[in-house]
Amino acid sequence: MSTLETKPGIPVAFTNTVHITWAGEHRFDAARPGSPPMRVDASAKTGPSPVDTLLAALGTCTAVDVVDILEKRRTPAESVTLEVVAARADATPKRVIGVLLSYTIVGADVERSHAERAIELAVTKYCSVRNSLDPDMPVRWSLTLNGEMKE
């Protein structure tokens with residue numbers, strides 16, 4: 001199978017492949033062909049859990065966009081860190097029902113309005129991981145820029 005119909009009569013080609021190998025207990029190694037593996041551990045003993053991996057994918061996807069947008073503005077960040085926290089449903093499956101992305105950006109030339117706009121665009125428009133999740137799931141964010149957090 002090389003295509004998938006997401007809407008009747010509209011084929012979409014498969015473009016990404018990840019191989020997953022069971023490594024015992026709740027541990028799995030996942031990698032693109034030819035790339036180093038990433039350990040995913042549902043017990044979170046030897047690597048992030050599947051949900052942690054999802055949160056990391058969301059956070060890194062938006063962070064890449066933020067870094068790129070600031071770079072294109074010619075106001076590159078010196079550092080970007082991000083904490084991703086999620087709320088999960090009480091019932092099984094304990095799906096993610098909301099996420100807070102807390103960005104900390106350092107950059108002498110980065111203006112708050114530009115950093116906020118970069119984050120907003122990353123979260124609402126450019127991040128393919130966010131756009132693959134339930135659009136009704138709230139994803140909120142905050143920004144600490146050069147040591148100053150603004151509510």
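I took two strands as paired if DSSP finds at least two bridges between them. Helices (H or I, at least four residues) and strands (E, at least two) are DSSP runs, numbered from the N terminus.

**Ground rules.** I am working on a predicted model, where local features need pLDDT of at least 70, side-chain atom pairs count only at pLDDT 80 or more, and totals for chains, interfaces and linings use all residues. Residues are numbered from 1 along each chain as its sequence is written, and side-chain values use heavy atoms, with hydrogens and water left out.

**Entry 1: the three-stranded sheet.** I looked up β3, β4 and β5. They form an open sheet in the order β3-β4-β5, with antiparallel pairing. β3 and β5 (38-41) are the edge strands, and each pairs on one side only. In general, strands of a sheet pair through backbone hydrogen bonds, either parallel or antiparallel.

Next I went through the pairs. β3 (residues 19-22) and β4 (residues 27-31) are joined antiparallel by 4 bridges. I found His19 opposite Ala31 in β4. Trp22 has Phe28 of β4 as its bridge partner. β3 and β4 make a hairpin with 4 residues between them. In that turn, Gly24 has a positive phi of about 95°.

β4 and β5 also pair antiparallel, over 4 bridges. Here Asp29 stands opposite Arg39 in β5. This hairpin has 6 residues between its strands, and Gly34 in the turn has a positive phi of about 85°.

**Entry 2: the four-stranded sheet.** I then traced β6 to β9. These 4 strands form an open sheet in the order β6-β7-β8-β9, with mixed pairing. β6 (79-88) and β9 (148-149) stand at the edges with a single partner strand each, so one side of each has no neighbour in the sheet. β8 (residues 139-145) and β9 run antiparallel and are joined by 2 bridges. Leu145 has Glu148 in β9 as its bridge partner.

Which strands does helix α2 touch? Helix α2 (residues 112-126) packs on the sheet and touches β7, β8 and β9. I counted a contact as heavy atoms within 4.5 Å. The direction of α2 makes about 155° with that of β8. Axes are lines fitted to C-alpha atoms, for helices over the stretch in contact, and angles run from 0 to 180 degrees between N-to-C directions. Helix α1 (residues 50-72) lies across β6 and β7 (96-106), at about 40° to β7.

**Entry 3: α1 against α2.** I checked how the two helices meet. Their axes come within 9 Å and cross at roughly 135°. α1 and α2 are therefore oblique to each other (under 35 degrees is roughly parallel, over 145 roughly antiparallel, 65 to 115 roughly perpendicular, and the rest oblique). From α1, I listed Thr62, Asp65, Val66, Ile69 and Leu70. They meet residues of α2 including His114, Ala118, Leu121 and Tyr126. The contact divides into 10 nonpolar, 2 polar and 1 charged residues (Ala, Val, Leu, Ile, Met, Phe, Trp, Tyr, Cys and Pro count as nonpolar, Asp, Glu, Lys and Arg as charged, and the others, Gly among them, as polar).

**Entry 4: Thr53.** Is Thr53 buried or exposed? Thr53 counts as buried because its relative accessibility is 17% (buried is under 20% relative accessible area, exposed over 50%, partly exposed in between, with a 1.4 Å probe and protein chains only). Thr53 is in helix α1. Leaving out residues up to four places away in sequence, I found Thr53 touching Met38, Val40 and Pro48.
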